[in-house]
2 protein chains.
Amino acid sequence: MIFSSLNINKEEKIHIQIQNHIKKEIDKGILKKGSKLPSTREVSKVLGISRNSVILAYENLENEGIIETFRGKGTFVAIEKEIKSDDFKVKWNNFTEDYGRLCEELDVVKTELPWKRGMISFKSIAPDESFFDLEEFKRAFLNVFSMEGDKLLNYGYAKGYKPLIEYIKEYMRKKGVLTDGKDILITNGFTEAFDILLSTLTKPNDVIACENPTHNTAIKIMKAHKLNIKPIKMDDDGINLDSLEETLKKYTPKIIYLIPSYHNPTGIVMDGEKRQNVYNICKKYKVPIIEDGFNEELVYSSSHVAPLIALSNMGNGVIYAGSFSKILFPGIRIGWIFADEKLINVLESVKRARNIHTSFIDQGIFHKYMESGSFKRYVKKIRKYYKDRYDFTIKTIEKYIPYDEVLGNGGLYIFVKINGLNTRDILRECYKRNVVFMPGDIFFINKEEKNWMRIGFSRTSEEEIEEGIKIIGEVIFSLKSKNN
Amino acid sequence: MIFSSLNINKEEKIHIQIQNHIKKEIDKGILKKGSKLPSTREVSKVLGISRNSVILAYENLENEGIIETFRGKGTFVAIEKEIKSDDFKVKWNNFTEDYGRLCEELDVVKTELPWKRGMISFKSIAPDESFFDLEEFKRAFLNVFSMEGDKLLNYGYAKGYKPLIEYIKEYMRKKGVLTDGKDILITNGFTEAFDILLSTLTKPNDVIACENPTHNTAIKIMKAHKLNIKPIKMDDDGINLDSLEETLKKYTPKIIYLIPSYHNPTGIVMDGEKRQNVYNICKKYKVPIIEDGFNEELVYSSSHVAPLIALSNMGNGVIYAGSFSKILFPGIRIGWIFADEKLINVLESVKRARNIHTSFIDQGIFHKYMESGSFKRYVKKIRKYYKDRYDFTIKTIEKYIPYDEVLGNGGLYIFVKINGLNTRDILRECYKRNVVFMPGDIFFINKEEKNWMRIGFSRTSEEEIEEGIKIIGEVIFSLKSKNN
């Protein structure tokens, strides 16, 4: 309490000592405007002095306008201490090390043109929240909360909520994956999974290989970790096998990062045979794979294409990073790493050192939601929705855009190439007409390809798609005619 | 789909080609036991062949026991491919870099004796979940969910949920902090806040200063970041000012980490005057402060002791890392960094590169809960509860334990010193009698002090406290008598 540092002496009047003490504390900045003072009764008790002295001191201070009393509320400091000009100032920019600087430089939210209200956006690939079944989510919350709300609100375990881990293991088994000797770590989405993996398995200047183009967030994280990134060429049906073999042979990367399903940004789904070839080549050169399971749930056909990790059987050379965030509830940030149990054991400690664990109440709700069958129904529903939007977008592109290449086997976006035009020029003109998309260069390791654009259609209506694609087409025609 | 890689030739019978294709895909591991096959109708459509050929192929495979059909469900692969012995095996231990290894080595959950069912635990300092007002939490969920559930379940912003940020700014203002030129980043608890700060502001071998002993998670994170840690001595009333000045003068650390309220593990609350002196010394040597606001809400006295950051006025040399996790809902992992807005801008990009953002639904619920006044009532209630437990624990220690020093001004734990005994020896004996506490050495930078133990009482009943402390006392007496 504010008076515990006051030693009453016998030379001076007690109320004066109290007044001076309060003034000093205000001057030191310890008592602020609005700070509540202890009651006169408390002060007299703590200091062992008569209450009248305290009352007198408070009255005098009140007369000076230094404190004020509100009936029923108490006594408060009424003045602000004078602010000194010698405040402690730090130039934080000089304090920021490379990692922070790189994260900022590579942050597309800050560097790319922002979506503004009223614009048609082909930039986002987030799910359309109007498809979420909110009633089911609420029911899941109420169910799990009534069962074990108190426990879920207290500390949990770094690895994750056990029933959710078991559910995901079963889910992986259904994909044809052997789960013996494997384990799961729940993460805050794919982003954290990838970041934790690179933090644990790599150091600056280590070589990592990946498809080029690839997921821009993955590029950001690899660059923030100062890895030496070796790009691998892509064909219309996914990674180029010669380029893959050549790269692994020449550079023996520490690890390779791959997106077999609905590859971002091309939308390509690798077929089963290619998956087997890719796996065999990585195995031959002993390069472990980080498989981005991104969007796998959207694969429309009835026969599921098994993930790479299913090909490894009892092997442990593939790490699978999964997330439902591109189709379901990204706001709750739940993803997972499925890998060798010895590796998960290390990653668990890293997760604990990072943020102890992912929200347990979220994991509990999510598990209840999945378990109830809601997820199955939801996926069935949105597969159809997104398939229709995909078909419509392709049709509209055919109609309006003089493209040179179109990639994408479905999913939530299409990758379009316009020869002879820098898509940033197209974007600049489209932006003036309230249409925004993702320029393709950010998906290339060194931004080296300028003629691509990613058209995301997950959150646009058919009307907006028609209107927006038409505008993009018009801009392209107009720029092309200028160039000639 | 599984048949898209099959090119029907004219030389062979069609149903044979289909049978062989499926067998090959199983052998390659692409089709797994339990994989669903597309319907005969789909296959005939995709391949442009007669449905009868597909039906015949499926019948033959079923006769061979390779696939099986369940009425109303579909056709599934019935056999597992033979697992080859040449699986791709990685020795993950050899792949783990220093960071992962350090996180694991320093993970006390793995290295310390675990609590087992039926034991009396003085190890935990988590809040007692039986104090949580679950009804209020549920109400907060239902309120915010009906208002904006769909938006909160989609992607949000890296900095955090705006209403929560505004609420915390106001909360900081009430602590006497000037918020102009300052901003807030919402994090997954204090742990993430501290980790993000060190990642952004330091590089390996940078010098950092802190109280010794200090929060063991902070020690872990500083060591995982390979920082050069300079310990500062503590007195009964907090950090030793001479040791502070000497350390800053001699080593000019890049940053200093301090816990002014209910310092972990000693439980000491720095008084106002000491806070001012600490601030002045750091300012004099231009060493920015990371202030751990940990547990500040528990301070029992009516007049709030202002945090260090309140002393800095318009200056920006103090970074405040706040969290309610030690008193409220740690399972949802919400904390914050309050600091200079330019610094927050960089940290926002780091947060985005780490895990995009903290769960938005959790932030929404938390905000509604705080705003409703539930938090105020809750804090009032638990202050009394924990104060009573603290008083009872102190009384019990006085009664049973022949201590040499006891530190702690309240809070959730007490730090006890037993001269001449290594508290790990005490722990080993207590453990046999089903009592566990935290050995004090883990709170010292180099585990150099062996005579301390931390007694956490947040989750123990008075009965358990009496029984557990009595056992600790008996063990100490017995060990002391053996030594003599």
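**Figure 1. Buried area between chain A and chain B.** About 10100 Å² is buried between chain A and chain B, with 59% of that area on carbon and sulfur atoms. On the chain A side, the residues that lose the most area to chain B are Phe88(A), Trp92(A) and Leu153(A), which together account for 9% of what that side buries. The coordinates shown here and in the other views are those of a predicted model. Chain A contributes 110 residues to the contact, and chain B contributes 110 residues.

**Figure 2. Relation of the two copies.**

**Figure 3. Polar and charged pairs across the interface.** Ten salt bridges are found by the rule across the interface of chain A and chain B. One of the salt bridges joins Glu97(B) to Lys203(A), where the closest N and O atoms are 3.6 Å apart. Residue pairs in polar contact between chain A and chain B number 55, counting pairs with both residues at pLDDT 80 or more. Sorted by class, the side of chain A that touches chain B consists of 46 nonpolar, 29 polar and 35 charged residues.

**Figure 4. The three-stranded sheet of chain A.** Three strands of chain A form an open sheet in the order β1-β3-β2, and their pairing is antiparallel. The edges are taken by β1 (36–37) and β2 (67–70) of chain A; each has a single partner strand, so one side of each is left without a neighbour in the sheet. Two bridges link β1(A) to strand β3 (residues 74–77) of chain A, in the antiparallel sense. Opposite Lys36(A) stands Phe76(A), a residue of β3(A).

**Figure 5. The loop between β10 and α12 in chain A.** This loop of chain A runs between β10 (255–258) and α12 (272–284) and contains Pro265(A). The peptide bond leading from Asn264(A) to Pro265(A) is cis, and its omega is near 15 degrees. Tyr262(A) also lies in the loop between β10 and α12 of chain A. Although Tyr262(A) is not a glycine, its phi is positive, at about 45 degrees.

**Figure 6. The cis peptide bond in chain B.** In chain B, Pro265(B) is placed in the loop between β10 (255–258) and α12 (272–284). The bond from Asn264(B) to Pro265(B) is a cis peptide bond with omega near 15 degrees.

**Figure 7. Surroundings of Tyr285 in chain A.** Tyr285(A) is located in the loop that lies between α12 and β11 (289–292) of chain A. Leaving aside residues up to four places away in sequence, Tyr285(A) touches Glu245(A), Leu248(A) and Lys249(A). From Tyr285(A) to Ser359(A) the separation is 74 residues in sequence, and 39 Å in space from C-alpha to C-alpha.

Methods
Residues are numbered from 1 along each chain as its sequence is written. Chains are lettered from A and ligands numbered from 1 in the order in which they are written. This is a predicted model: local features need pLDDT of at least 70, side-chain atom pairs count only at pLDDT 80 or more; totals for chains, interfaces and linings use all residues. Side-chain values use heavy atoms; hydrogens and water are left out. Contact means heavy atoms within 4.5 Å. Buried area is the accessible area (1.4 Å probe) that two parts lose on being put together, summed over both. A salt bridge is a side-chain nitrogen of Lys or Arg within 4 Å of a carboxyl oxygen of Asp or Glu. A polar contact is a pair of N or O atoms within 3.5 Å; within protein, one must be able to donate a hydrogen and the other to accept it, and residues adjacent in sequence count only if both atoms are side-chain atoms. Ala, Val, Leu, Ile, Met, Phe, Trp, Tyr, Cys and Pro count as nonpolar, Asp, Glu, Lys and Arg as charged, and the others, Gly among them, as polar. Two strands pair if DSSP finds at least two bridges between them. Helices (H or I, at least four residues) and strands (E, at least two) are DSSP runs, numbered from the N terminus.
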